[in-house]
Amino acid sequence: MAQISMNKQPAASSQWHHILYVLRENPVTMLAFALLGMFLLCAILGPALVPYDPLATNAARALEPPSWEHWFGTDNLGRDVFSRVVVATRLDLSISVAAVALSFVIGAMLGAVAGYWGGWLDAVLNRLLDTIMAFPLFVLAMGVVAALGNTIENIIYATALINIPFYARLVRAEVNIRRDAGFAQAAKLAGNGDLRVLALHIFPNALPPMMVQVSLNLGWAILNAAGLSFIGLGVRPPTPEWGIMVAEGANFIVSGEWWLALFPGLWLMLAVFTFNLLGDGLRDMVDPRKRS
Amino acid sequence: MLAVRDLAVGFQTRKGPVNALRGVSFDLAKGETLGLVGESGSGKSVTSYALMGLLDAGGQIRQGEITYSGMDLRRASEADMRELRGREISMIFQNPRAALNPIRKIGHQLEDVLRRHGRASRQDAKAKAIAALEAVRIADAPARYHAYPFELSGGMCQRVVIALALACDPQLLIADEPTTGLDITTQKAVMDLMGDLIRARGMGAIVITHDLGLAAQYCDRILVMKDGAIVEQGAPEQLFSAPRHAYTRRLVEATPRLGASIRSLLPAEARRPEPQHHVHNRPLLEVRDLYKTYRGKSGPVSAVKGLSFQIKAGQSLGLVGESGCGKSTTSEMIVRLQDPSQGHILFDGQDIAATPAARFARHPLRRDIQMVFQDATGSLNPRDSAAAAIGAPLARIGRMRGAKRAARVAELADLVGLPQNLLSRFPHQLSGGQKARVGIARAIALDPKLLILDEPTAALDVSIQALVLNLLVDLRAKLGMSYLFVSHDLNVVRLLCDEVLVMKSGEIIEQGPSAQVMTAPQHPYTKALLAAAPQPPQRPTAK
C-alpha cells in the first residue's frame, strides 16, 4: 500500500503543476479562467452578492440611468438592472451547462459507437445526424420548445439536441482513427473486451479536442438559451434572464433608455467571450503530451 | 565542390537553446558520393537542412562557412537560394509519398519543376517529363505520366521523387534516408538506380542514412556523426576493418551481418555468454490451412492462402517477407486480433480459431499468447504511464491488485532493463528504446508461452536494436517462451531464430532451419531477398 500512495502523490501533484504551467504560459488562458471564476462566483453566490432584490419593484425610481446607487440603472418597473444581471447568471449558466453536458454524453456515446463498430450502424447514425443538421438549428430549437412547452427543461433539451451532431461527429472521427491503433490492440491482448477498449483506452484520447468543443459550445448554448427567451420562447418574465432583459430593454432604446438592453447584452457577450477563450487552455490541461 | 567549415547550428526550444551541430567540417569533390551515417539525434538531417538553407524556425547557423563552387551559401539571399535549390543542389526526402502532391498527376508535377527553372517550354514540357520518368526506369512512362501518387507503389513514388530531384541536372544531390520504409528488394533497386544516375551524370551526392551497411555499399567515403559532431571519416573498407573511434567500432559491431553472433553485436564489455534455449519436440502452435480473404473494391483479395506450419515449444520461428506478403495478417490471426476466413490454429492441441477474435479477450488462453508490436510508440496509450501500460494485463487477466501488482511491474522492469524511475513517465517522455522495453515488459507480464514479435526493432537505432535483440535472447532462455519473429530483415532473423519461413503473396515459398535457408536458399525469391540485403564489408568477427 505504501508504494501505491507513493506512486499516486507525484502523479496528482504533477497534474496540478501542469495546470499551473498552462495558466502561467498563456496569459489569455489565465484571463479566461479568471473570468470563469467570476461567473461561477456570481452563479453560486449571486443573490447574496447583489444590493437589491432582483424582483422588487419601485415605481418611484423607474427608468433611472446608471448611477452610484444603481450601477446599471433601473428598468421600467424600478428594478435594479445590475442585481438582475448578476442573479440571472445562475439560470443562464445552468441551462447551458446542463444542455452541453447532455449533448456531450449522448453525442459521445453515439459517435464512439459509430466510429468503433462502423458498418450499417455508422451509416444510420450519420444520416440521422445529417437530418438534424439539415434544419436551421435555431429554428429547430424554437420548434422543439414550441411543441414541448415553454419550460426551462425544454430549453435544455432543445439546446442539447441541436448540439449533439457536433459532438457525435467529432468523437466518431477521433475514435475511428484510433480503432486499430497499436495501443487499442495491446489493450485487447491485455484481456479487455471491445467495450472496455473503447471506453477506457480509445475514448479518453478523444478528450483534448472535445474540450475545445465543450467550451465553444457553452458559449453557443448561452446565446441559444438567451435567444429563445428573447423571442418569447423559454424563460418567462419576471424571472431575471439575460435574453428577456435584452428583449424588454429593446423597447426602450428608441426612447433613449439604452442601459436596459446594453448591460445584459454586454454581460452575455462577456460570458460567451470567456467560454470561447477557455478552449485552448482546457485542451492543454487534459492532454498529457503537453506535459514535460 | 562543396566545403563545410566548422558549422554550428543551434535551436531555440521551450527548455532553452540546444546545439544540434557543433563544428562540422567536410569537403565533397565533384563526382563523389559521401555517406552521412549516425543514429537518431546525431545531427545528420540538420546538416543537410543547413546546406539547403531550410532550417526550421528557431534553427540558426551560429558559426561556420558553407561554400559551394566558390559561393558563400550562408550569406546568399533567399532569392539566390531558391535559384540554387533544384538547379544546382537537389534533395530527396525521407517519405516519398509526403514529398509528392497527392492531388496532382506526377507528370504535371515534373512539368512544374522543369518550367519553373526554365528547362522546358509549354510545348515540350510533356515530352521532357516523360523522358525524365524514363530516365528513372519507370516502365510505360507515357501512361504513368497521368498517374496520381496514390496509384503508385512506394518504390515507384521514390523513383518519381528522384526524377523530380534530377529534372534540372543538379550538380549536388542530397538524399535523406531515401529508402526508409521501402522493401529490401525495392531499396536495392532504388539505390542501384540512384548510384547509376549519380555516376552517369558525374554529380556529387550526400547520402544520409542510419544503415551503415547501406552506406558502405553505395558511398565512396563515410562520415560518422554523433551528437552533432563528426567522430570519424574514411573509406568504407577502412571504417569497417579498422574503426579508430570507439563509437564507430560500436556502430560497426552493432550492425547485423553475415558471420556475426547475437552477442557480438554488443560492445565488448557488455558481452556475456549466450544462454542456450531448449527446443522441445512437442508442437506448441500448429497452423493448418489458414486462409484470409478480404472483401476488396474489385472482388475478394486473398491475403493468406493456405498457410500450414508449426512452432515447437521453446522454438523461435522467423517469418520473413516483404510488405503485402501477408505476414502481419498471419501474426494478427495467430494472436487472435483477426479471424481467419478458413483454417485452424491449434494451440496446445486446442483450436483457438474457433473462438471469434471479438470474444477472445476472456479466453483462458489469452494470457499464453501475447505480442510485441512493430511501432512501440503507437502501441502505448499516450495517457498511460509506463507502469500502467505494463500493469494492464496483470490487472485484467492476472487479477493482481495494489502492492502485488506494483511489485510485479517493478520486477518486469528489472527483467527488461528499464530503470525504475522511468515507470511513472508517459510514453512521450521515453526514448524509442525505452518504449520498446515497456512494450516487451507488457507482453511478457503474464509469462506467455508464445510471444509474437512483429518487427520489434524496425524503428530502432542499430545500437538499441542490438540491446533489444540480446534482451530477447536472454528472456527466451530464462522464461522458456516460443517466439514467432516477424521481420523483413534477414540478417536479424538469422541471429535470433531456429527456423525460418519465407512468405510471398500469402504463401510459404521456403522453410527450414535458418542457417540452411540463409546459406543455401532454394527458391529464387529467397535468393533475391538475400542478395538485396546490404552487406557491410567482411571483417574478422570480434571474439
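Reader: How do you know which residues and values count here?

Author: Residues are numbered from 1 along each chain as its sequence is written, and chains are lettered from A and ligands numbered from 1 in the order in which they are written. Since this is a predicted model, local features need pLDDT of at least 70 and side-chain atom pairs count only at pLDDT 80 or more, while totals for chains, interfaces and linings use all residues; side-chain values use heavy atoms, with hydrogens and water left out.

Reader: Glad to have that settled. Why is B:Arg408 called buried?

Author: Buried means under 20% relative accessible area, exposed means over 50%, and partly exposed is in between (1.4 Å probe, protein chains only). B:Arg408 has 13% relative accessibility, so it counts as buried. This residue is found in helix H14 of chain B; helices (H or I, at least four residues) and strands (E, at least two) are DSSP runs, numbered from the N terminus. Leaving out residues up to four places away in sequence, B:Arg408 touches B:Leu394, B:Met400, B:Ile444, B:Ala445 and B:Asp447, where contact means heavy atoms within 4.5 Å.

Reader: What makes B:Arg85 and B:Glu78 a salt bridge?

Author: The term asks for a side-chain nitrogen of Lys or Arg within 4 Å of a carboxyl oxygen of Asp or Glu. Here the N to O distance is 2.9 Å, so the pair meets the rule. With a relative accessible area of 16%, B:Arg85 is buried, whereas B:Glu78, at 43%, is partly exposed.

Reader: What makes a group of residues a nonpolar core?

Author: The group must be a set of buried Ala, Val, Leu, Ile, Met, Phe, Trp, Tyr and Cys residues joined through side-chain atoms within 4.5 Å. The largest such core has 113 residues, and those with the most contacts inside it are B:Ile162, B:Met194, B:Ile440 and B:Phe485. Helix H7 (residues 154-166) of chain B gives the largest share, 9 residues.

Reader: Why is this core said to lie between domain 1 and domain 2 of chain B?

Author: Domain 1 (31-58 + 77-254) and domain 2 (283-532) both give residues to this core, so it lies between them. The bounds come from an automatic or database domain assignment. A second, separate core of 48 residues includes A:Val50, A:Phe72, A:Ile222 and A:Trp259.

Reader: What makes up the area buried between those two domains?

Author: Buried area is the accessible area (1.4 Å probe) that two parts lose on being put together, summed over both. For domain 1 and domain 2 of chain B it is about 1,100 Å², of which carbon and sulfur atoms give 52%. B:Glu39, B:Asp183 and B:Ile184 supply 46% of the area that domain 1 buries against domain 2, more than any other three residues. Across this interface the rule finds 0 salt bridges.

Reader: How much area do chain B and chain A bury between them?

Author: Chain B and chain A bury about 2,500 Å² between them, 57% of it on carbon and sulfur atoms. The contact takes 29 residues from chain B and 29 residues from chain A. Between these chains the count is 0 salt bridges.

Reader: Finally, how many helices and strands does chain A have?

Author: The secondary structure of chain A comes to 11 helices and 0 strands. Of its 292 residues, 50% count as buried.
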